[in-house]
Amino acid sequence: MAAPRLIPCLDVKDGRVVKGIRFQNLRDAGDPVTQASMYQDQGADEIVILDVSATPEGRGHAVETTSSVRQVLSIPLTVGGGVRKVEDALALLEAGADKVAVNTAAVERPELIGRLAERFGSQCTVLAVDAARRGDDGWEVVVEGGRTRTGQDVVQWIRSAAARGAGEILLTSWDRDGTRTGYDLELLEAVTTAVGIPVIASGGADTADHLQGALESGATAALIASILHDGVTTVDSLKRELLSNGIEVRP
Amino acid sequence: MRTRLIVVPTGTANTASVNAAFRRLGVEPKFAADPDEIRDADFVVLPGVGAFGAAIDRIDEHGFREMLVDRFEEGRPTLAICLGMQLLGEKSEESPTATGLGVIPERVDRLPQDLTVPQLGWNRVVPDPRSRFLEPGWAYFANSYKLAPIPEGWIGATTDYGGNFVSSIERGDVLACQFHPELSGPWGADLLGRWLNGAGGRS
């Protein structure tokens with residue numbers, strides 16, 4: 001079977017890597033090409049770049065960033081953030097992304113998912129979903145970096161997106177993002193039992209145990225950010241720990 | 001003389017990774033503009049992203065079919081990647097009305113329904129020891145469809161995803177991979193290097 005993937009995520013604003021907690025208080029964390037290359041050397045299975053620029057000028061950097069990162073990267077690259085239409089996705093794919101993630105625009109216009117899947121194939125079409133707990137009543141989709149709650153049920157949304165042709169789900173727990181308290185495993189179980197496409201767990205990773213929990217909850221990949229950017233650990237040491245726990249990752 | 005490596009434009013995008021991989025190996029790829037370029041090139045790469053039917057339509061629109069089939073039949077240095085490998089078959093469950101290149105007498109089927117599909121991730125490649133190009137290792141896959149079994153007259157590699165499927169086949173200087181060598185890290189780069197160096201026809 002395919003090995004579970006460890007995927008470092010770079011949040012990029014105006015061409016620079018940034019980090020924050022719950023998408024707020026962003027601070028500079030370096031150059032995307034240097035960082036992507038370093039994580040590739042550590043054994044990353046894929047890289048995700050999410051452009052979090054607030055302005056159209058800032059977002060213009062995303063294509064440039066993609067192109068520069070591609071030159072050094074011999075592993076898959078997923079790029080998201082600010083993809084509003086098919087042309088935005090095309091520009092990123094032509095620049096060197098292997099997959100494109102859509103989020104807010106797909107919530108506003110779900111037919112965008114089908115258009116992307118038809119044009120580029122499901123294996124290129126990633127739906128990013130930010131999920132916030134709704135008390136004891138499941139999770140709702142939040143958009144615009146967590147600023148807007150949509151009232152839409154996460155599991156239903158993902159099910160309909162899979163039917164429209166999404167090939168992979170990047171599922172971020174808004175409650176856990178940047179907190180290092182572990183992934184929201186109930187959220188992962190709810191989603192991975194509802195759909196048959198790959199789900200990437202995101203939001204809250206701190207330890208190899210957290211990654212293992214996500215994989216045992218049905219995720220086929222785990223996104224990691226803060227703990228790598230802060231130098232708390234490396235991809236290879238996480239992988240060694242997972243291997244010693246009997247999880248077969250790519251060595 | 002410079003090595004001529006021609007990429008067949010089968011789809012809308014995603015050749016940037018293939019181009020970047022060959023550039024890192026010191027070869028500058030160029031898109032095929034007309035069928036003669038496919039005939040004359042030292043190396044041809046048939047990448048593939050998107051649907052079987054759409055890619056075949058694109059090949060036929062450009063009039064590339066005959067030159068491609070000739071290269072594959074003659075075992076000239078030609079690399080087919082992912083959907084590109086599936087295009088060698090006769091038919092695909094993905095696009096039942098489309099006619100593949102028919103270089104191998106096989107049909108492309110969907111991966112079993114009870115699995116996570118598409119297969120997106122790294123998986124083990126187990127090559128026939130007689131393979132000229134392949135070594136055992138981990139490769140990156142992004143596929144919903146598969147070929148099985150290894151066609152007669154070809155040397156192959158298999159990979160397990162709810163049962164074995166064909167992850168690579170080779171014959172002469174033709175190499176076809178279900179995985180993406182350009183996205184398979186150093187293992188994939190080494191494979192591309194062996195194909196460039198080992199395949200004949202380099203001018």
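**Entry 1: the model**
I am working from a predicted model.

**Entry 2: A:Asp31**
I started by asking where A:Asp31 is found. I located A:Asp31 in the loop that links strand S3 (24-30) to helix H1 (32-42) of chain A. Next I wanted to know: is A:Asp31 buried, exposed or partly exposed? I get 17 other C-beta atoms within 10 Å of A:Asp31. Buried would take 20 or more and exposed 12 or fewer, so A:Asp31 goes down as partly exposed.
I then looked at what A:Asp31 touches beyond its neighbours within four places in sequence, and found A:Arg16 and A:Val17. I also checked A:Val12, which is 19 residues from A:Asp31 along the chain; their C-alpha atoms are separated by 8.9 Å.

**Entry 3: H3 and H5 of chain A**
I looked up how helix H3 (residues 86-95) packs with helix H5 (residues 111-120), both of chain A. I noted an angle of about 40 degrees, and axes 10 Å apart. That angle is why I call H3(A) oblique to H5(A). I have the crossing of H3(A) and H5(A) down as right-handed.
Which residues make the contact? From H3(A) I listed A:Val86, A:Ala89 and A:Leu93. From H5(A) I listed A:Arg115, A:Leu116, A:Arg119 and A:Phe120. I sorted the residues of this H3(A)-H5(A) contact into five nonpolar and two charged, with no polar ones.

**Entry 4: where chain A touches chain B**
I find 30 residues from chain A and 30 residues from chain B in the contact.

**Entry 5: a sheet in chain B**
I moved to chain B and found an open sheet of three strands, in the order S5-S6-S9, with mixed pairing. Strands S5 (91-92) and S9 (145-146) of chain B are at the edges with a single partner strand each, so I note that one side of each has no neighbour in the sheet.
How many bridges join strand S6 (residues 107-110) of chain B to S9(B)? I have two, and this pair runs antiparallel. For a landmark, I marked B:Arg110, which stands opposite B:Tyr145 in S9(B).

Terms used. Residues numbered from 1 in each chain as written. Chains lettered and ligands numbered in written order. Predicted model: local features only at pLDDT ≥ 70, side-chain atom pairs only at ≥ 80, totals over all residues. Pairing = 2+ DSSP bridges. Helix = DSSP H or I, 4+ residues; strand = E, 2+ residues; numbered from the N terminus. Axes fitted to C-alpha atoms, helices over the stretch in contact; angles between N-to-C directions. Parallel < 35°, antiparallel > 145°, perpendicular 65-115°, else oblique. Left-handed = near helix turned anticlockwise from the far one by under 90°. Contact = placed C-beta atoms within 7 Å. Nonpolar A, V, L, I, M, F, W, Y, C, P; charged D, E, K, R; others polar.
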